[in-house]
Amino acid sequence: MSEPTVFIVDDDEGVRDSIAELVSSIGLPAITFASALDFLDNYDCDRAGCLVLDVRMAHMSGPALQEKLVAMGATLPIVFISGHGDVPIAIKTIKAGAVDFVQKPYHDQQLLDSINEALRRDAAIRVTKTRSDVFGQRLTMLSEREREVFDLVVKGLSSKAIAKALAISHRTVEVHRSHILEKLEVRSVPEMIHLAGQVHE
Amino acid sequence: VRPWVIVTLNDSDPMMTPNLALDSAMRKALTEPGRHPVNMFSESLDAIRFPQGQTEDETVALLAKKYATTHIDAVVAVGPAGLDFAEKHRSRLWPEARILFQLVPVEKLGSERLSSTTTGISVQYDLAGTDDLAMALRPGTRRLVVIYGSGDFDRAVAAIARKQLERLSQRLNIEYWTDASIDEFLRRIGQLDANDAVLYLTIGRDADGRTSVPRDALEQLAAVSPAPIYAPFETYIGHGIVAGSVYSYEARGKRMAELVQEALSAPTTSIPLVAITSSCIADARQLKRFGMAESSLPPDCEVRFREPSLWRDHPEYVVGGISAVVLQSILIGGLLVQRRRVQTARAAESNHRTELERSLAFERLLVQISSALMREPLSDPTSAITQALREIGEALHAQRAILWSLDPVGQRAELTHSWVADGVPLPPGVRDRQQLPTIFQRMTRGDVVAVSNLAELPEPDRDSLRLLGASAILAVPLVVDGFVVGVLSLVSVAEQRKWPPELIPRVRLVGEIIATVLMRQRYATKVEEAQSETAQYRERLAHLVRVHTVDEMSAAIAHEVNQPLMAIENYALAANRRISSGHAADAPKLKELLGKIAGQAARAGDVLKRLRSIVKKRESDANDFDLGTVVQETVNLVEIESRLKDIRVEVVVEPGLSLIHGDVVQIQQVVLNLVRNGVEAMDESESIDKLLKVEVQESGDHRLIVRVIDRGKGITAADRAHIFEPFYSTKEGGLGIGLAICRSIVEAHGGKLSYAVNPDGGSTFEFNLPTAEEKIEQ
């Protein structure tokens with residue numbers, strides 16, 4: 001997995017370069033883009049990081065880019081910066097998942113705090129995403145019968161009910177369950193159900 | 001004693017001859033010694049040329065502010081619009097003032113209810129009387145053509161004329177010509193014949209909306225008219241009319257002064273209206289031109305321009321553009337004739353020799369003096385005139401040569417220039433009519449006074465002159481524009497002497513040349529003053545508009561300044577962090593950051609600098625500059641706004657343009673206004689590709705053209721006619737003077753601003769300016 005990167009989109013060269021300098025002063029890599037379209041052309045969904053986005057830009061505004069990313073299923077957290085106290089836009093972007101809406105002029109730490117928060121969120125999303133991906137792989141290693149048992153366990157049926165439904169002995173169900181936990185490398189049934197929830201859909 | 005405060009409120013241009021004559025006669029009479037002191041102010045509505053009501057609110061507000069702390073005792077309202085205004089706004093502007101009017105037609109007063117303290121001198125234009133004159137001079141007249149313009153005042157006068165002329169309609173076929181351009185009037189009047197008569201009223205504004213001085217239009221018409229022209233105004237005499245039944249403006253001005261005295265001495269008493277009767281004045285030159293007999297005139301009719309003189313027969317050489325060359329050639333022509341006479345005379349009696357040689361020497365002197373005075377421009381008129389006085393004085397063996405200016409009512413002469421021989425004292429600088437009644441009387445009639453022996457004169461002139469140390473005097477009246485404006489006097493101190501009669505007309509000519517030089521000088525100063533005042537006013541207004549524009553742009557400007565400030569803050573924070581986290585050793589990086597900070601600070605400074613030139617209060621100032629650069633810089637300023645609106649502005653400047661001479665900030669303002677209008681028009685439109693084009697080109701006839709082409713929704717046909725009018729705005733909250741001031745700036749620079757609809761939608765505003773070289777040539 002690549003190092004988390006701060007992507008900066010702002011049509012003002014001075015502003016985007018200075019944010020990049022600020023970000024690199026705390027040891028983070030930064031990449032700048034002069035427009036929303038430029039960003040969309042070059043952005044790779046798999047790259048970890050966060051987006052610092054100007055609200056008012058020619059051709060495609062910050063909020064419009066946000067909409068586009070949501071539609072694409074991209075989870076990159078966004079920090080908006082705006083020179084105007086535009087409350088309706090702020091509310092809209094936050095509702096759509098933005099991490100923060102930073103207004104100029106801001107205090108020293110404010111933008112960096114928001115960027116750090118965004119990176120934390122991205123990492124969390126990506127960890128969850130990784131764990132569920134592994135879990136999904138492991139599911140394919142189950143035998144046909146084990147998969148049937150797994151589905152019913154996830155549905156919340158007791159061992160007794162499962163035995164009855166599949167017309168097998170209670171003892172056999174118990175054996176399958178312990179094999180399943182082993183193969184999926186989970187410690188308990190509740191953990192397994194939680195992970196299954198993230199894989200599905 | 002607190003001086004009386006008197007405000008004169010003219011409804012027309014105060015610089016027009018009738019107004020000047022009224023005003024100077026009134027002032028003169030009001031400021032005579034022994035009178036109550038007065039403090040006079042002058043205001044003008046100029047309602048003849050500018051539609052009434054257009055700026056009424058602003059004018060009231062301005063006057064209210066101006067006179068907030070001044071107690072006004074009397075308002076002298078000149079003209080009907082002046083009276084209306086003074087009465088209507090009485091309670092706000094001058095609640096305690098007596099309103100005294102001048103030049104208000106009786107026809108108007110009949111339907112008016114005036115305040116009890118208001119009174120004045122009415123005017124009854126004696127149009128029928130003037131036409132009776134026409135009939136008396138040419139009994140065969142069948143058709144009378146009445147000519148007047150399209151302005152408010154023109155129509156008002158015409159309405160009165162129609163009423164008065166009703167009684168003549170049995171005898172005469174009367175036609176009314178109006179609503180034509182000056183050119184159209186000229187064409188039509190040229191088709192009349194000698195059996196027609198023209199009654200000229202006023203053309204203050206013609207059908208094309210061109211404003212003019214009514215007297216100037218008259219001169220043009222008179223030049224081409226085959227039919228005699230009559231008119232009811234004194235100021236037209238000498239400008240092409242044959243005769244008229246008119247009122248003397250001097251008499252009216254003087255009467256107004258008496259009325260002011262009367263009214264302010266008893267502030268609450270009501271005073272009845274004053275009427276002044278008209279009198280007949282005719283122009284001898286015009287009578288001659290149309291072959292009319294003076295004897296057909298009423299016996300009391302005053303005939304002006306009777307005495308032949310070069311001045312009077314060819315005023316166009318002297319008064320108009322003044323062509324020194326033409327005048328000199330006439331003088332030289334005279335010289336040649338004299339020389340031939342000298343040659344013939346040689347064979348004849350030698351007695352005449354002296355006289356002719358003296359004559360010849362004098363002609364030579366005249367050429368010399370006139371060429372010195374006619375030299376253009378005259379850097380030091382005072383010393384040139386004094387020199388001329390010396391030469392003429394010495395030539396005629398006089399010891400004093402003095403130039404006097406005469407007041408319009410002929411009561412007083414004041415010394416303006418003088419020469420006296422060595423050892424001769426300079427007499428007092430003022431002469432009153434009481435002192436020299438006979439001489440004043442003759443001079444104001446336009447006659448030369450040549451006295452070789454004081455005994456020829458009656459008392460008290462004789463004693464007065466003796467006291468002034470004169471033994472013989474030659475006094476020549478100076479006539480300019482039909483008026484005696486001054487006197488040239490030559491005095492022999494020690495002995496009685498005869499003034500050679502053949503030299504008198506030539507002395508008169510020199511005097512008139514001098515008077516013309518003085519008048520021209522005064523006129524040039526007045527024109528210069530008016531121009532500089534207009535320029536100042538334009539700049540003040542332009543500045544207001546610029547400040548307003550910047551105000552409108554403030555949100556975009558704040559954004560533009562905030563960007564570099566934010567960048568600076570980020571860079572500084574980044575540098576700080578690098579230092580505190582132990583990266584201090586990374587000096588090149590820190591240096592880079594500091595460099596970037598400096599760059600952004602300069603950027604913020606640039607934005608403010610660009611704005612400062614626009615909002616700074618300044619004197620208007622002219623320089624040579626490159627129009628392409630100015631347009632590009634101005635567009636950069638507009639882009640602060642247009643970028644946020646997704647509108648592109650494309651500037652195409654033709655390479656190698658000539659320079660422009662003018663006021664950079666004002667031209668920048670014109671471009672700013674036009675480009676911002678274009679951006680605004682595009683912002684409202686639905687079009688996808690919003691491109692505003694700005695072109696700068698040079699045309700073949702030494703002009704630079706700037707075109708601002710938008711793809712907006714265009715201007716509605718109804719608005720189109722008004723967009724250049726002041727206080728007309730299609731925008732909410734718009735001042736409505738942007739385009740008006742743009743047009744005024746462009747025209748002041750010798751250019752034109754125009755508007756056109758694009759064939760494929762949107763608008764094009766275009767202005768042109770002469771190149772710097774072309775301007776010098778003009």
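Trainee: How does Arg143(B) count, as buried or exposed, or as something in between?

Mentor: The relative accessibility of Arg143(B) is 22%. Buried would need a value under 20% and exposed one over 50%. This is a predicted model, and in it Arg143(B) therefore counts as partly exposed.

Trainee: Which side chain meets that of Arg143(B) in a salt bridge?

Mentor: The contact runs from N to O at 3.0 Å. A salt bridge needs the nitrogen within 4 Å of a carboxyl oxygen, so the pair qualifies. The partner of Arg143(B) is Glu175(B).

Trainee: How many residues apart are Arg143(B) and Glu175(B), and in which strands do they lie?

Mentor: The pair links distant parts of the chain. Arg143(B) belongs to strand E6 (residues 143-147) of chain B and Glu175(B) to strand E7 (residues 173-177) of chain B, and the two are 32 residues apart.

Trainee: Which residues do salt bridges that share partners join into one network?

Mentor: This network has members in chain A and in chain B. From chain A come Asp17(A) and Glu21(A). From chain B come Lys589(B), Glu592(B) and Lys596(B).

Trainee: What parts does the salt bridge of Glu56(B) and Lys88(B) tie together?

Mentor: The side chains meet at 2.7 Å, N to O. The two residues are 32 apart in sequence, and Lys88(B) is exposed at 57% relative accessible area. Because Glu56(B) and Lys88(B) lie in separate helices, the parts tied together are helix H2 (residues 56-66) and helix H3 (residues 80-88) of chain B.

Trainee: Which helix holds both Arg120(A) and Glu117(A)?

Mentor: Their side chains form a salt bridge of 3.1 Å, N to O. Arg120(A) is exposed at 53%, whereas Glu117(A) is partly exposed at 28%. The residues are three apart, about one turn, and both lie in helix H5 (residues 108-139) of chain A.

Trainee: Which are the edge strands of the open sheet in chain A?

Mentor: Five strands make up this sheet in the order E2-E1-E3-E4-E5, with parallel pairing. An edge strand pairs on one side only, and that picks out strand E2 (30-33) and strand E5 (100-103) of chain A.

Trainee: What does the twist average from one strand to the next?

Mentor: The value belongs to the open sheet of chain A, whose order is E2-E1-E3-E4-E5. From one strand to the next, the twist averages 20 degrees.

Trainee: Which strands does helix H4 (residues 87-95) of chain A touch?

Mentor: Helix H1 (residues 13-25) of chain A packs on the sheet against E1, E2, E3 and E4, at about 170 degrees to E2(A). Helix H4 also packs on the sheet, with its direction at about 150 degrees to that of E5(A). The strands touched by helix H4 are E4 and E5 of chain A.

How values were computed: Residues numbered from 1 in each chain as written. Chains lettered and ligands numbered in written order. Predicted model: local features only at pLDDT ≥ 70, side-chain atom pairs only at ≥ 80, totals over all residues. Heavy atoms only, no water. Pairing = 2+ DSSP bridges. Helix = DSSP H or I, 4+ residues; strand = E, 2+ residues; numbered from the N terminus. Axes fitted to C-alpha atoms, helices over the stretch in contact; angles between N-to-C directions. Contact = heavy atoms within 4.5 Å. Buried < 20%, exposed > 50% of the residue type's maximum accessible area, 1.4 Å probe, protein only.
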